[in-house]
Amino acid sequence: RASQDEDVLDTWFSNEEYQEAGATIVSTKEVWQQSDVLVKVTEPMMHPDLGVDELSLLRKDQIYISLLSPTNEDFITPLKECGATAMSLECVPRISRATKKWTYSVPRQELLGTGQL
């Protein structure tokens, strides 16, 4: 699913191109309400369009994957309270191409797909 707001998508593709490829375009609120899995490459925040903290939109049966700063109680406490399953992208192990060693630090540009190949 994709948000109906093309600014939210921040992409090179129009809504029409997404629809031609089989996507269903829905409102931002519907994305949060209807998705089983939500993946973000930024930390949870006050949602600019909906005017609420994104973590308050999560349901117990959802999976939320994001930059969560696992030591930040401002994120962890609401996640515990809502009961959603969460995974912090900072804790996903990966192998650094530069050092050939395992690391848990994931540069944001890699998550966004803007890192150099």
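Predicted model: local features only at pLDDT ≥ 70, side-chain atom pairs only at ≥ 80, totals over all residues.

Biologist: Noted. How many helices and strands does the protein have?

Modeller: There are five helices and seven strands. Going along the sequence, the order is β-α-α-β-α-β-β-α-β-β-β-α.

Biologist: And what share of the residues counts as buried?

Modeller: 29% of the 117 residues. The protein exposes about 8100 Å², and carbon and sulfur atoms supply 52% of that area.

Biologist: What about contacts between residues at least 24 apart?

Modeller: Taking contacts between residues at least 6 apart in sequence, 33% join residues at least 24 apart.

Biologist: OK, inside now. Which residues make up the largest nonpolar core?

Modeller: Twelve residues: Val26, Val31, Trp32, Leu38, Leu55, Leu58, Tyr64, Leu68, Phe75, Leu79, Cys82 and Ala84. Two helices, α3 (28-34) and α4 (73-82), each supply at least two residues of this core. The largest share comes from α4, with three residues. As a general point, nonpolar side chains in soluble globular proteins tend to be buried together.

Biologist: Pick one of those. What does Cys82 touch?

Modeller: Leaving out residues up to four places away in sequence, Cys82 touches Leu58, Arg59 and Lys60. Leu58 is itself one of the core residues.

Biologist: Switching to charges. How many salt bridges does the structure hold?

Modeller: Two. One of them joins the side chains of Glu54 and Lys40, with an N to O distance of 2.5 Å. Glu54 and Lys40 both sit in the loop between β3 and β4, so the pair ties together parts that are 14 residues apart in sequence.

Biologist: Is that pair buried or exposed?

Modeller: Glu54 is buried, and so is Lys40.

Biologist: Why does Glu54 count as buried?

Modeller: Because its relative accessibility is 3%, and buried means under 20%.

Biologist: Which residues does Glu54 touch?

Modeller: Not counting residues up to four places away in sequence, Glu54 touches Trp32, Lys40, Glu43, Pro44, Met45, His47 and Tyr64. Two names there, Trp32 and Tyr64, also belong to the largest nonpolar core. The Lys40 pairing also shows up as a side-chain polar contact of 2.5 Å.

Biologist: What else does Glu43 touch?

Modeller: Besides Glu54, Glu43 touches Ser66, Leu67, Ser69 and Phe75, again not counting residues up to four places away in sequence. Phe75 is another core residue.

Biologist: Back to salt bridges. What does Arg59 pair with?

Modeller: Arg59 forms a salt bridge with Asp61, and the closest N and O atoms are 2.8 Å apart. Arg59 is partly exposed, at 26% relative accessible area, whereas Asp61 is exposed, at 53%. In general, side chains of opposite charge can pair when their charged atoms come close.

Biologist: Last topic, the surface. Which residues make the nonpolar patch of about 240 Å²?

Modeller: Val37, Val39 and Ile63. Val37 is in strand β3, which covers residues 37-39.

Biologist: Why does Val37 count as partly exposed?

Modeller: Because its relative accessibility is 44%, and partly exposed runs between the buried limit of 20% and the exposed limit of 50%.

Biologist: And how are Val37 and Ile63 placed relative to each other?

Modeller: They are 26 residues apart along the chain, and their C-alpha atoms are separated by 4.6 Å. Val37 touches Ile63 and also Ile65, with residues up to four places away in sequence left out of the count.

Biologist: Great, that's what I was after. Thanks!

Methods
Residues numbered from 1 in each chain as written. Heavy atoms only, no water. Patch = residues over 30% accessible without salt bridge, like charges linked within 9 Å, V, L, I, M, F, W, Y side chains within 5 Å. Areas by Shrake-Rupley, 256 points an atom, 1.4 Å probe, with all protein chains shown as cover. Salt bridge = Lys/Arg side-chain N within 4 Å of Asp/Glu carboxyl O. Helix = DSSP H or I, 4+ residues; strand = E, 2+ residues; numbered from the N terminus. Buried < 20%, exposed > 50% of the residue type's maximum accessible area, 1.4 Å probe, protein only. Core = buried A, V, L, I, M, F, W, Y, C linked by side-chain atoms within 4.5 Å. Contact = heavy atoms within 4.5 Å. Polar contact = N/O pair within 3.5 Å; in protein donor to acceptor, adjacent residues only side chain to side chain.
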